[in-house]
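Please keep the structure open while reading.

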Amino acid sequence: NVNEFENELAAKVGSKVAAALSSGTGAIHLALKAAGVGKGDIVFCQDLTFSATANPIIYQNAIPVFIDSDYKTWNIDPKALEVAFEKYGDKVKAVLVVHLYGLSADMDKIMAICDKYNVPVIEDAAESLGTYYKEKHTGTFGDFGVFSFNGNKIITTSGGGMLVSDDEEKINK
C-alpha cells in the first residue's frame, strides 16, 4: 500500500519518484541531506512559516537565514531573496520555499534567482497539495518537493509525509 501511495502521489503531482516518510519534517530533513547541506552551510528559508520548516536546517547543523515574505502571497519575496544572495553569495547551500495556505510562491522568479546562483530549491508544499502555479503542481519546480499528511492538511493519513523529485537516484538513496 505504501509503495502504491508513493507511485500515485508522484503521478498526481507530476514527479518521477516519491518516498513516503514519517512526517513532512522528515521529508524536509532528507531533502536537505540529499542536497548536501551540512555543518555551517547557509539555507535560506522564508520568515513566515511553521517551525517544522526551519527545524531540519538545525538538525543538519546548518544556519537558517530567514527571508522576508511578500505581501501578496505571504511566501518568500523574490526581491528579498535576491538581496540575500547578494549578501551571502556562494555560502548558500539551498533555498527552502514554503507555499503557505494553498498559495504558490512566485516560482518563475525564485527559480531564475536560484538557477543564477546554482543553488538547489526545496519546496515545502505541505499546505499546497493540489495547488498549481502556471499549470504545474507546487512541489515540482525545485529539486525536491515535500508534502505532509498530518491531521490538519489537505489529505490526511493522521501523520506522515512525502518527498518527491525527478532525481530517482537521490530519492532511492
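A pocket here is an open set of grid points where a 1.4 Å probe fits, with protein on both sides within 12 Å along at least five of seven lines. The model is predicted. The second largest pocket has a volume of about 250 Å³.

**Second largest pocket**

- Three elements each give at least two residues to the lining: strand 1 (17–21), helix 2 (24–34) and helix 6 (168–172).
- Ala19, Ala20, Leu21, Leu30, Lys33 and Ala34 are among the lining residues.
- The lining also includes Leu163, Glu169, Lys170, Ile171 and Lys173.
- By class, the lining has seven nonpolar and four charged residues, with no polar ones.

**Helix 2 and helix 3**

- Helix 2 also packs against helix 3 (residues 51–59), their axes coming within 9 Å and crossing at roughly 40°.
- That angle makes helix 2 oblique to helix 3.
- The crossing of the two helices is right-handed.
- On the helix 2 side, the contact uses Thr25, Ile28, His29 and Leu32.
- Helix 3 meets them with Ala52, Thr53, Pro56, Ile57 and Tyr59.
- This contact has six nonpolar and three polar residues, and no charged ones.

**Helix 4 and helix 5**

- The axes of helix 4 (residues 78–88) and helix 5 (residues 107–116) come within 9 Å and cross at roughly 10°.
- Helix 4 and helix 5 are therefore roughly parallel to each other, as angles under 35 degrees count as such.
- Helix 4 contributes Pro78, Leu81, Glu82 and Phe85 to the contact.
- Helix 5 contributes Lys109, Ile110, Ile113, Cys114 and Lys116.
- The contact of helix 4 with helix 5 holds six nonpolar and three charged residues, but no polar ones.

Note on methods: Residues numbered from 1 in each chain as written. Predicted model: local features only at pLDDT ≥ 70, side-chain atom pairs only at ≥ 80, totals over all residues. Heavy atoms only, no water. 1 Å grid on protein atoms, 1.4 Å probe; cavity = no way out; pocket = protein on both sides within 12 Å on 5 of 7 lines; lining within 4 Å. Points joined across faces, edges and corners; volume = space filled by probe spheres on them. Helix = DSSP H or I, 4+ residues; strand = E, 2+ residues; numbered from the N terminus. Nonpolar A, V, L, I, M, F, W, Y, C, P; charged D, E, K, R; others polar. Axes fitted to C-alpha atoms, helices over the stretch in contact; angles between N-to-C directions. Parallel < 35°, antiparallel > 145°, perpendicular 65-115°, else oblique. Left-handed = near helix turned anticlockwise from the far one by under 90°. Contact = heavy atoms within 4.5 Å.
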